[in-house]
Amino acid sequence: MNVLQNAIVPPIRATRAIVDLDAIAANVQALRSVLTSGCELLAVVKADGYGHGANWVATAALEAGATALGVATVDEGVSLRQAGITAPILLIGAIDLDEVARACGANLQITVGDETLLAAVQRTIYNREGTDVVVHVKVDTGLHRYGAAPDIAVELIRRVYNDAGLRLGGVSTHFASADEADDEFSAEQLNVLDRVLKDLAGLGIPRPATHVANSAGTIRGLGADRGVVRAGISLYGVPPSHDVPLLPGMRPALSVVSRITRVMPLSRGDSVGYNRTFRAESDMQAALAPIGYGDGYRRGLAHRSWAGINARHARLLGRVSMDQIVVEIPEGQAVAVGDTVNIISTDGEDAAPTVADLAAMLDTNTYEILVGLRARIPRVYLRAGEVEAVRTSSMEWTRDSISGADC
Ligand SMILES: *Cc1c(COP(=O)(O)O)cnc(C)c1O
């Protein structure tokens with residue numbers, strides 16, 4: 001279907017991100033197919049579902065067989081609860097001590113990596129009635145980011161286990177380099193975790209659920225047999241790195257399209273954009289498109305990136321402005337105002353760069369490109385080729401309801 005048609009109700013900006021929820025579902029199924037039986041998939045939807053829209057991604061992932069969600073901040077978890085999501089939600093990193101009560105109130109599971117946070121959780125539950133608070137203990141096995149050193153982790157786990165108001169949801173760790181070809185350090189990390197589990201057994205504590213693998217670990221079979229995996233980037237159909245390709249059946253969920261707002265002839269010597277960094281070497285045609293660094297189309301893409309017009313490369317001309325870019329109209333192409341310009345493509349087939357292409361141009365990872373797409377770009381959600389919902393920064397529309405669009 002042509003998602004640039006005005007058939008989309010309500011009318012939105014020409015620049016839009018298309019999120020294919022069927023791709024999210026297919027990616028969940030592909031991930032689950034490589035898990036040992038009984039192993040569960042926790043869908044990581046932090047940072048607004050890697051820029052895709054956390055509520056929509058979460059719902060699609062849960063429907064496709066994910067059993068829990070992972071977020072980085074209390075606010076992200078509360079926002080999923082406000083959307084009516086009742087599945088388990090794990091805070092995968094540290095939270096501020098002041099936020100503990102709010103996290104418990106929203107029934108979010110808390111990851112503890114130090115004594116101070118555990119004490120704050122224990123203080124909070126003494127003043128609270130209701131169900132147990134689920135706590136996960138994170139072990140630092142060599143990433144040296146969040147988590148407790150192994151001996152301290154054993155002590156934290158023991159305390160959680162012995163506290164009647166707490167339930168030990170799991171013991172976790174996070175790989176430092178599962179996205180590299182060399183597995184040696186990942187294996188060392190798994191050994192450190194196994195020593196912790198052995199110490200627990202020595203204390204008579206039943207073996208807890210463990211979760212270790214991110215997308216790269218899951219795809220490569222590192223720690224993917226530990227009860228739960230925490231998958232983020234692969235859920236969105238984007239490979240974790242060059243060394244870790246996607247599984248068969250996976251595909252990117254997100255593309256970005258826009259429409260040409262002006263067609264202009266340039267004569268030899270004409271300059272384009274701020275500071276005149278591009279000068280036409282011969283007569284040519286250029287097109288204006290309404291996307292810029294205010295949308296997360298980064299300024300560093302100037303003189304490197306391109307767009308897709310009629311399935312042909314259309315190179316960027318001059319600087320990226322906050323709200324606009326100018327691209328070359330490929331030679332011999334007849335183009336008019338209102339025509340489609342592809343900004344980010346899922347597979348490069350429409351000649352626009354993929355998320356991985358943009359990441360390479362900016363010397364960053366695919367994660368940062370996705371997360372950098374700002375809320376100002378409307379998200380259009382497709383299911384079975386039909387528009388199911390539209391989210392802009394001021395309203396959310398679904399086929400049966402609309403909120404915030406009264407003006
Ligand atoms: C972000 C994150 C993940 C997901 O990683 P991907 O590489 O996106 O699959 C898993 N676990 C933790 C602790 C994370 O911070």
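Of the residues lining the largest pocket, 13 are nonpolar, 8 polar and 5 charged; here Ala, Val, Leu, Ile, Met, Phe, Trp, Tyr, Cys and Pro count as nonpolar, Asp, Glu, Lys and Arg as charged, and the others, Gly among them, as polar. The model is a predicted one, in which local features need pLDDT of at least 70 and side-chain atom pairs pLDDT 80 or more, while totals for chains, interfaces and linings use all residues. Residues are numbered from 1 along each chain as its sequence is written, and side-chain values use heavy atoms, without hydrogens or water.

A pocket is an open set of points on a 1 Å grid over the protein atoms alone, with protein on both sides within 12 Å along at least five of seven lines, and its lining residues have an atom within 4 Å of a point. The lining of the largest pocket comprises 26 residues, and Lys 46, Arg 145, His 174, Asn 214 and Tyr 367 lie nearest the centre. Helix 2 (46–50), helix 9 (215–220) and strand 9 (227–231) each give two or more residues to this lining; helices (H or I, at least four residues) and strands (E, at least two) are DSSP runs, numbered from the N terminus.

Next comes the nonpolar interior. A nonpolar core is a set of buried Ala, Val, Leu, Ile, Met, Phe, Trp, Tyr and Cys residues joined through side-chain atoms within 4.5 Å, where buried means under 20% relative accessible area (1.4 Å probe, protein chains only). The largest such core has 122 residues, and Val 45, Leu 80, Ile 110 and Ile 325 touch the most other members. Helix 1 (residues 21–33) supplies its largest share, 7 residues.

Definitions and conventions:
On a 1 Å grid over the protein atoms alone, a cavity is a set of points where a 1.4 Å probe fits but cannot get out, and a pocket is an open set with protein on both sides within 12 Å along at least five of seven lines; lining residues have an atom within 4 Å of a point. Buried means under 20% relative accessible area, exposed over 50%, partly exposed in between (1.4 Å probe, protein chains only).
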